[in-house]
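Visitor: Hi, could you walk me through this structure?
Guide: Gladly, ask away.

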Amino acid sequence: MHDSTRVYLYILVMAGVTYLIRMLPLTLIRREIRNTYIRSFLYYVPYVTLSVMTFPAILHATSTVRSGAAALVVAIVLAWQKRSLFQVSLSACTAVFLLELILT
């Protein structure tokens with residue numbers, strides 16, 4: 001089997017698996033989900049997925065993990081105080097800039 005054929009086979013299998021994962025719930029579950037546990041689980045899945053993907057990127061986007069963690073703390077504190085997204089992001093970037101200036 002040639003390398004190019006193998007690549008196309010991998011892409012085809014990946015597309016099939018992805019399609020099945022999206023299609024099966026739509027075809028198997030036809031009525032409204034009434035179980036409160038499952039409903040609350042499905043409600044929080046997007047938030048948890050976004051958090052799990054974003055958290056490591058925040059820590060490793062800078063040259064040191066400490067500056068990324070400090071920016072995360074600054075962003076959480078300002079967001080908790082209901083500051084605007086612009087203020088939160090600008091403050092987090094400033095925290096990273098100052099810490100990287102001091103640490104390196």
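**Helix packing and overall form**

Guide: Helix α2 (residues 36-60) and helix α3 (residues 65-80) have axes that come within 6 Å and cross at roughly 125°. Axes here are lines fitted to C-alpha atoms, for helices over the stretch in contact, and angles run from 0 to 180 degrees between N-to-C directions. Helices (H or I, at least four residues) and strands (E, at least two) are DSSP runs, numbered from the N terminus.

Visitor: Before we go on, what kind of model is this?
Guide: This is a predicted model, in which local features need pLDDT of at least 70, side-chain atom pairs count only at pLDDT 80 or more, and totals for chains, interfaces and linings use all residues. Residues are numbered from 1 along each chain as its sequence is written, and side-chain values use heavy atoms, with hydrogens and water left out.

Visitor: Back to that pair, then. Are α2 and α3 roughly parallel or oblique?
Guide: They are oblique to each other. Angles under 35 degrees count as roughly parallel, over 145 as roughly antiparallel, 65 to 115 as roughly perpendicular and the rest as oblique.

Visitor: Which residues meet there?
Guide: From α2 there are Phe55, Ile58, Leu59 and His60, and they meet Val65, Gly68, Ala69 and Leu72 of α3. Contact means heavy atoms within 4.5 Å. By class, the α2 contact with α3 has 6 nonpolar, 2 polar and no charged residues. Ala, Val, Leu, Ile, Met, Phe, Trp, Tyr, Cys and Pro count as nonpolar, Asp, Glu, Lys and Arg as charged, and the others, Gly among them, as polar.

Visitor: What about Val65 itself, what does it touch?
Guide: Setting aside neighbours within four places in sequence, Val65 is in contact with Leu59 and His60. Val65 is partly exposed, at 44% relative accessible area; buried means under 20%, exposed over 50% and partly exposed in between (1.4 Å probe, protein chains only). Its C-alpha atom is 36 Å from that of Tyr10, 55 residues away along the chain.

Visitor: And the loop between α2 and α3, who sits there?
Guide: Ala61 does. With 64% relative accessibility, Ala61 counts as exposed. Between the C-alpha atoms of Ala61 and Asp3, 58 residues apart along the chain, there are 34 Å.

Visitor: New topic: which residue has a positive phi without being a glycine?
Guide: Lys82, with a phi of about 60°. Most residues other than glycine have a negative phi. Lys82 is placed in the loop between α3 and α4 (85-103), and Lys82 is exposed, with a relative accessible area of 75%.

Visitor: Zooming out, how many helices and strands does the protein have?
Guide: The protein has 4 helices and 0 strands, running α-α-α-α from the N terminus on. The radius of gyration is 22 Å, well over the 13 Å that the globule rule gives for 104 residues, so the protein is more spread out than a compact globule. That radius is taken over C-alpha atoms, and the rule is 2.2 Å times the number of residues to the power 0.38.

Visitor: What box do the C-alpha atoms fill?
Guide: Roughly 55 × 50 × 20 Å, taken along the principal axes.

Visitor: And how much of the protein is buried?
Guide: Of its 104 residues, 12% count as buried. Among contacts with a separation of 6 or more, 38% come from residues 24 or more positions apart.
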